[in-house]
Amino acid sequence: MPKGVTKITAFIIRRLLQTVVVLIVMAFGVFVSVYAIGDPVDMLIDPAATEAQRLEAMRNLGLDRPLWEQFARFIAGAAQGDLGQSFVYKIPAIELILLRLPATIELTVAALILAVGIGIPAGILAGLYPSAWFSRTIMSVSILGFSLPSFWIALMLIMIFAVALGWLPSTGRGDVVTVFGVDWSFLTIDGLRHLVLPALSLSLIPMALMIRMARAGMREVWLTEYVKFARAKGLSPIRVIGLHAFPNTLIPIITVLGLELGSLLAGSIVTEVVFAWPGIGRLVIQSIGVLDRPVIVAYMLITVSLFILINLVVDLLYAVIDPRVGYGDARK
Amino acid sequence: MSDGTAGASGAGDSLRPADVETPLRRFVADFAESRLAVVGFALLSLIVLIAFFAPLIAPQNPYDLLEVNILDSMLPPGETGGAGYVHLLGTDDQGRDMLSAIFYGMRLSLTVGVTSALLSMAVGTTIGLVAAFAGGRVDSFVMRVVDIQISFPTILIALILLVALGRGVDRTILALVVIQWAYYARTVRGAAIVERGKEYMEAGLCLALPRYRLLFNHLLINCMPPLLVVFTVLIAQAVALEATLSFLGLGLPITQPSLGLLIANGYDYLLGGRYWISVFPGVALLLTLVSVNLVGDQLRDVFNPRLRR
């Protein structure tokens, strides 16, 4: 037993170290990449401004300093949660991101709920009746979900449900309710109607994944002895599926779901742009358009950190939940 | 019976050349087993031909200002324009013929997709082979980097790179290569580790063949089947990613509209009911991706030894 514990500890320490290294490398990459681009002064200052006004503005923004000094200030600031002021909004970049983050989280969580709520039952059905017509339909939809770019699917959804049928609004967030100082759409009918299309379009990729995993898991587990025994006992099919078969397919599904949460945070960029959803993805695309560096950097650092953290937690949980996972280098 | 052409096998005259099962014939027969894959292949061939000969077959050169008439703008599909011919798929806001714009857009999308897939295959294959052959620390370091990179959302990596590099065909290709090399490296390394243990490699080592010859003439050839499958999948991924990036305004510049940019351009008019500016380029993109995927799926089945009868 102690041997097992030290192995887990070693695994956790190695995984944490790796996380720190990746974070530092990414922070460096983000800084260098964003600060290698053109001079933001040209974008922000009236072209008719005099040379003196230009220099004055550069001094105010800290852009007259050499690159290494800007980097040192950046690192020192980042450690204290200060990534500079947005050139455009004139408020701290971190604050700006945090203001927009709830909208993105709302969208992401709604997409995950749709993916699980539709994908898993559909996958179970397809796994139980692999050759039925509806199973083939489900699988075709999942293939399309994988191979089509999400912006294309989003456009088609707008075409069909907003333009042709006129059932749902196509852009924006609708009415919001403020709870604890944060705006939420899902608490009003109008907000929910605005949420449906973006969430559905963002959910298609994880939904396709859920369908595949639930289907593969069910097909595998349906042939095992304990499921056969449960059926032979005369248990109702619902009970067999719900209590005996399905729970045993859950470990990989939960893991993938955790990892998808991170991917959705990044994937929401596209959805937010198409549906004009005021989250961090749309913010960063707009900021790239006007070279609002502090916001771009803050977005990337926050998204990358969130992503890395989610992956770390999922990895550690996975190792704890599933005793079969090796803690060493998996590849031997 | 036209004889005297082959007969290299020296088989008896009961065995006509047409009956000899060469690897190529077997491959074609296996591939043709799926109707859907044949349709996909035909569609893909057509798309490639259109892309290649776009300047010859398009009704107009959509980027020649002399041929484009602003008075023709936003004509619905089937309307006849000022130049006297029918705009089958309508025109866009500047009076460009959509059919021609789509042909040129396909050309650009496929060029970017195939070029970046080929380049990343070259880079990834080399790195994967070296990792497999070097083993030890080099191997585990390279594979750790590959694992971490593959776990990152592609759109995030592309975003960071393109913010730094700016828009442009060459930059988009570079970003795609940085994203995709890891998939090739992983595939090749896996295949190479299996192949390395086989007898022909031992024989080559005993013959003291030069390292590069062993690697590229012997090992690499035998790693080709999985590589080809990954190649088709990643061409589709590259085309889709380029379209997404261009749609977001990060990929190609406005002067070089790929399918993604055409769709983005039409998006503004979609809500007003002028669907054709956005939808037809979208359909072209859809057909391209589906046909590549159909061919790739069938290739995977053909190369999968477990499915061999």
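In this predicted model, A:Ile269, A:Glu272 and A:Val273 of helix α11(A) meet A:Ile280, A:Gly281, A:Arg282 and A:Ile285 of α12(A). Sorted by class, the residues in this contact comprise 4 nonpolar, 1 polar and 2 charged. Helix α11 of chain A spans residues 250-275 and helix α12 of chain A spans residues 280-289, and their axes come within 7 Å, crossing at roughly 80°. With angles of 65 to 115 degrees counted as roughly perpendicular, α11(A) and α12(A) are therefore roughly perpendicular to each other.

A helix pair in chain B can be described in the same way. Helix α9 of chain B, residues 211-222, and α10(B) have axes that come within 5 Å and cross at roughly 65°. This pair, α9(B) and α10(B), is therefore also described as roughly perpendicular. On the α9(B) side the contact is made by B:Leu220, B:Ile221 and B:Asn222, and on the α10(B) side by B:Met224, B:Pro225 and B:Leu227. The class count for α9(B) with α10(B) is 5 nonpolar and 1 polar, with no charged residues.

Attention now turns to where the two chains come together. The size of an interface is often given as the accessible area lost when the parts come together. For chain B and chain A, the buried area is about 3200 Å², and 80% of it lies on carbon and sulfur atoms. On the chain B side, α5 (136-151), α6 (154-165), α10 (224-247), α11 (259-270) and α12 (276-303) each supply at least two of the residues that touch chain A. The largest share of that side comes from α12(B), which gives 8 residues. By class, the side of chain B that touches chain A divides into 25 nonpolar, 6 polar and 3 charged residues. In total, the contact draws 34 residues from chain B and 41 residues from chain A.

Salt bridges between chain B and chain A number 0.

One salt bridge joins B:Asp139 and B:Arg189, with the closest N and O atoms 2.6 Å apart. This pair links distant parts of the chain, 50 residues apart: B:Asp139 belongs to helix α5 of chain B, while B:Arg189 belongs to helix α7 of chain B, residues 169-196. In general terms, side chains of opposite charge can pair when their charged atoms come close.

Key
Residues numbered from 1 in each chain as written. Chains lettered and ligands numbered in written order. Predicted model: local features only at pLDDT ≥ 70, side-chain atom pairs only at ≥ 80, totals over all residues. Heavy atoms only, no water. Contact = heavy atoms within 4.5 Å. Buried area = accessible area lost by both parts, 1.4 Å probe. Salt bridge = Lys/Arg side-chain N within 4 Å of Asp/Glu carboxyl O. Helix = DSSP H or I, 4+ residues; strand = E, 2+ residues; numbered from the N terminus. Nonpolar A, V, L, I, M, F, W, Y, C, P; charged D, E, K, R; others polar. Axes fitted to C-alpha atoms, helices over the stretch in contact; angles between N-to-C directions. Parallel < 35°, antiparallel > 145°, perpendicular 65-115°, else oblique.
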